[in-house]
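Notebook open, model loaded. I'll jot things down as I look them up.

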Amino acid sequence: MNPLLELRVVDRDDAAWHGAYCDYVSQVFRQADFRRWCEWRQWGEDYRAFCIVGNDGRVLANASVSRMRLLVEGRELVGYQLGAVGCLPQARGQGLARRAMQAALAYCGQAPVFLFANDSVLDFYPRFGFAPAPQTLFEAELQAEPAGEGRIVRAAAVDLADGEIREAFLRSAAAASPVSARFAARDYGRIATWYAANGHASPAHRLDDDTWVFAEVEDGVLTIEDVFATRPLDLSAALPHLIAQPIHTVRFGFTPERLWPQARAVAAEADADLFVRNLVLPAGPHRFPLLART
């Protein structure tokens, strides 16, 4: 580890460093980008990047922290989610990612911390006190068809690239009830907009002024990635708004015990490994909301 390299903490107000951070992300995570998200002015006060910076001003390694309002078994607590942890390929082997992780975790203190990782780095995080925590996929069999013309109008997808629509969504997301009491979060609209800015989210459907559903249908399966609603939502009644073709299955990107209690746990989630530190998760199947993951 080179102690002469600078550790720089980049926050919302360090706009001069946002470009260097975006360059780092695009080189380390080929399917991720922060440029459009920054252009949308979504870098909020709860997001900080702990960057190891070279003499040329490039970000060489990083560990970012999102301050989260978590809900675990009905209890609300403040925690942190790590993301964008890594190192440029040409700078690896010097302990730079470890230094960034140590700085980020020192900032988090003894608060709960969690992260999602791919299977190429699963041996890295236990070195920092993280333990794996399996996630579960949920679905329900449901034969449903779109409502006939003149009865219920399908909720058209909206584009969060539109500033007015995006601000309306963020207002609703800030006041929305958590989708689950088991393991979920509050007020993570700016994380959801990151997915939208990168094209990784399902289409957003605005059912009314205070209800937004990210969902899409493929091969008869309706996948509901996330729901942001400030009032109680009857999801079964809302389904005709979300489909343009018949469906036979509904899948959920979160633990659906509130919105669809009859859903069943069908398998372990295979494409995103959850690691936790200072955090005791509920026993039994659960799934952290897809659009709350950094």
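Which residue of β9 does leucine 71 stand opposite? I looked, and the residue across from leucine 71 is alanine 184. Ground rules for myself: this is a predicted model, so local features need pLDDT of at least 70 and side-chain atom pairs count only at pLDDT 80 or more, while totals for chains, interfaces and linings use all residues. Residues are numbered from 1 along each chain as its sequence is written, and side-chain values use heavy atoms, with hydrogens and water left out.

I took strands (E, at least two residues) and helices (H or I, at least four) as DSSP runs, numbered from the N terminus. Two strands pair if DSSP finds at least two bridges between them.

I then went through the neighbours of β3:
- β2 (residues 47–53) runs antiparallel to β3 with 7 bridges, and arginine 48 faces valine 65 there.
- β4 (residues 75–87) is joined to β3 by 11 antiparallel bridges, with methionine 68 opposite glycine 79.
- β9 is antiparallel to β3 too, over 4 bridges.

I checked the hairpins for positive phi. The β2–β3 hairpin has 5 residues between the strands, and glycine 57 sits near 85°. The β3–β4 hairpin has 2 residues between the strands, and there glutamate 73 takes a positive phi near 50°.

**Entry: the open sheet**

I traced an open sheet of 7 strands with mixed pairing, in the order β8-β10-β11-β12-β13-β7-β14. β8 (157–158) and β14 (264–268) are the edges; each has a single partner strand, so one side of each has no neighbour in the sheet. Inside the order, β11 (residues 211–218) pairs antiparallel with β12 over 8 bridges, and phenylalanine 214 has aspartate 226 of β12 as its bridge partner.

Angles run from 0 to 180 degrees between N-to-C directions, with axes fitted to C-alpha atoms, for helices over the stretch in contact. α4 (residues 163–175) packs on the sheet, touching β8, β10 (204–208), β11 and β12, at about 110° to β11. α6 (residues 235–242) lies across β7 (136–144), β10, β11, β12 and β13 (247–252), at about 120° to β10.

I also picked out threonine 136, in β7. Threonine 136 counts as buried because its relative accessibility is 13%. Leaving out residues up to four places away in sequence, threonine 136 touches several residues, among them Ala265, Val266, Pro285 and His286.

On a 1 Å grid over the protein atoms alone, a cavity is a set of points where a 1.4 Å probe fits but cannot get out; a pocket is an open set with protein on both sides within 12 Å along at least five of seven lines, and lining residues have an atom within 4 Å of a point. How many cavities of 30 Å³ or more turn up? I found 1 in the whole structure. The largest cavity holds about 50 Å³, and β9 (183–186) and β12 (221–229) each supply at least two lining residues. Its lining includes Ala173, Tyr188 and Phe228.

The second largest pocket comes to about 160 Å³. I noted Ser177, Arg231 and Leu259 among its lining residues.

Definitions and conventions:
Grid points are joined across faces, edges and corners, and a volume is the space filled by probe spheres set on the points. Contact means heavy atoms within 4.5 Å. Buried means under 20% relative accessible area, exposed over 50%, partly exposed in between (1.4 Å probe, protein chains only).
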